[in-house]
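This briefing is for a reader meeting the structure for the first time.

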Amino acid sequence: MSKTNHMPFRRLATLLMLLAGVASAAPQEGPDTVTVFEGARLITGDGSAPIENAAFLVANGRITAVGQKGALALPPGAVRVDLSGKTVMPALVDDHVHMGYRKGGSFSASNYTRENLLDILDRFAFFGVAAILETGTGRGGLPYRVRAEAQTGARYLTTGSGIAMPAAGPGGAMRDAIYGVTTEAQARQAVRELAAHQPDMVKIWVDDRDGKVEKLRPELYRAIIDEAHRHHLKVMAHIVYLADVKDLLRADVDGFAHMVRDKEVDDELLALLKARPNVFFLETLWGERRALYTSRPAWLDDPILRDIYTADDLKELAGQFSSDPAAPPQAVAHARALAEMSLRNTAKLQAAGVLLGLGTDTGGMNGGQFFGLGTHIELELLVRRVGLTPMQALVIGTRNSAAILGLDALGTLAPGKSADFIVLDANPLDDISNTRRIARVYLRGKEIPRDALKARWAARN
Ligand SMILES: [Zn+2]
């Protein structure tokens, strides 16, 4: 087509834009409209006591003021939204996700399409998750393109392809997504290729999968970490073993996916961490749920599950909590021991003041297709199984997880922050399972059309 053929379309587009401008002059829709949300209990996400009967102003997708209902100065024409009886908390952030491979019960690289990535971002948004980090299993250039394009669902952050020994990174359909390296030169080259895409972090695997593969060798992860830091990129390591965690800290790694699972956290590790206050752990309990529950969890009956999952999805999920007769008892006991160690070590690190973030592994081998649900169950596990207070769990899932990703506008509700929040029908400080009693979700100041999303997913099933 020649350029001149486009001209009529451009004129039409201009006309439509003018008409849209007229429509947006209506008081409830204009870009300069200020909205006041008032009457709710407000959990700000910084760990301070909630504000009862709160009010906050939102303009252009940002929070401009926070205070008591009736005490904020309202500009003329402000739109009022009554949230009496509700609780408002910051939208969640999930720092350990595997995008694209899961689509319903299917787990395949052929599912890794633009359409599926955008759909998963919508699924997170439906559950009030404002941002996610794809950890190591991005395929080619697609995640970077979708990251730039995605506007309405959860924000898409990605490490692109992670780095491990050849065929020793993630499992199943994700296995070929990584850089397999055996020399320092290859390791540095992989980081340089990644850096050209400006990934949001670099992911490495230091795990022998119970002796089945080779762990990334120390001289290789030292080269990766050094090269990444030269490009101002953080490095997150998937780990299992205490000894590897200590050596990675000495190599200046920035954080860890999963918890130390072979041994109790000891004083030497705590001393190493104390000297490195910005190092983070993503405890990733949802990914170990099969080993953590000995009976059917009550949350399987939550109405929100029936809202969006198919009967097949729910059957598969429910089946994960009755013991598999085919599983060797030794393997079951081993998995349980690792999971129990995760719980104990999470409690120890929290007590020691180590920076904990929320990660779930959703979409990966053990995370399943339950995008967003896993993020909420992670909070419940932190409270019911690790023994944290609901407020501590909420701070991990909001402020801490946003800070780890450098998302300054997310994680807390205060003037200047992005208006990303969840409106709840009940108070999660009374019972952490109330984070799933979601009335509405707002991301970037706009309400997520949860009913329309539900209808879209129901129509597809
Ligand atoms: Zn993972």
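In this predicted model, the centres of domain 1 and domain 2, taken over C-alpha atoms, are separated by 29 Å. The domain assignment of the protein chain places residues 26-89 together with 415-460 in domain 1, and residues 91-404 in domain 2.

**Where the domains touch**

- Domain 1 contributes 22 residues to the contact, and domain 2 likewise contributes 22 residues.
- On the side of domain 1 that touches domain 2, at least two residues each are supplied by β19 (421-424), β20 (438-443) and α14 (450-460).
- The largest share of that side of domain 1 comes from α14, which provides four residues.

**How α4 and α5 pack**

- Helix α4, covering residues 184-195, packs with helix α5, covering residues 218-230, at an angle of about 30°, and their axes lie 8 Å apart.
- Because angles under 35 degrees count as roughly parallel, α4 and α5 are therefore roughly parallel to each other.
- The crossing that α4 and α5 make is right-handed.
- From α4, the residues Glu184, Ala187, Arg188, Val191 and Arg192 take part in the contact, and they meet Glu219, Leu220, Ala223, Ile224, Glu227 and Ala228 of α5.
- The residues in this contact of α4 with α5 divide into six nonpolar and five charged, with no polar residues.

How values were computed
Residues numbered from 1 in each chain as written. Predicted model: local features only at pLDDT ≥ 70, side-chain atom pairs only at ≥ 80, totals over all residues. Axes fitted to C-alpha atoms, helices over the stretch in contact; angles between N-to-C directions. Parallel < 35°, antiparallel > 145°, perpendicular 65-115°, else oblique. Left-handed = near helix turned anticlockwise from the far one by under 90°. Contact = placed C-beta atoms within 7 Å. Nonpolar A, V, L, I, M, F, W, Y, C, P; charged D, E, K, R; others polar. Domains from an automatic or database assignment.
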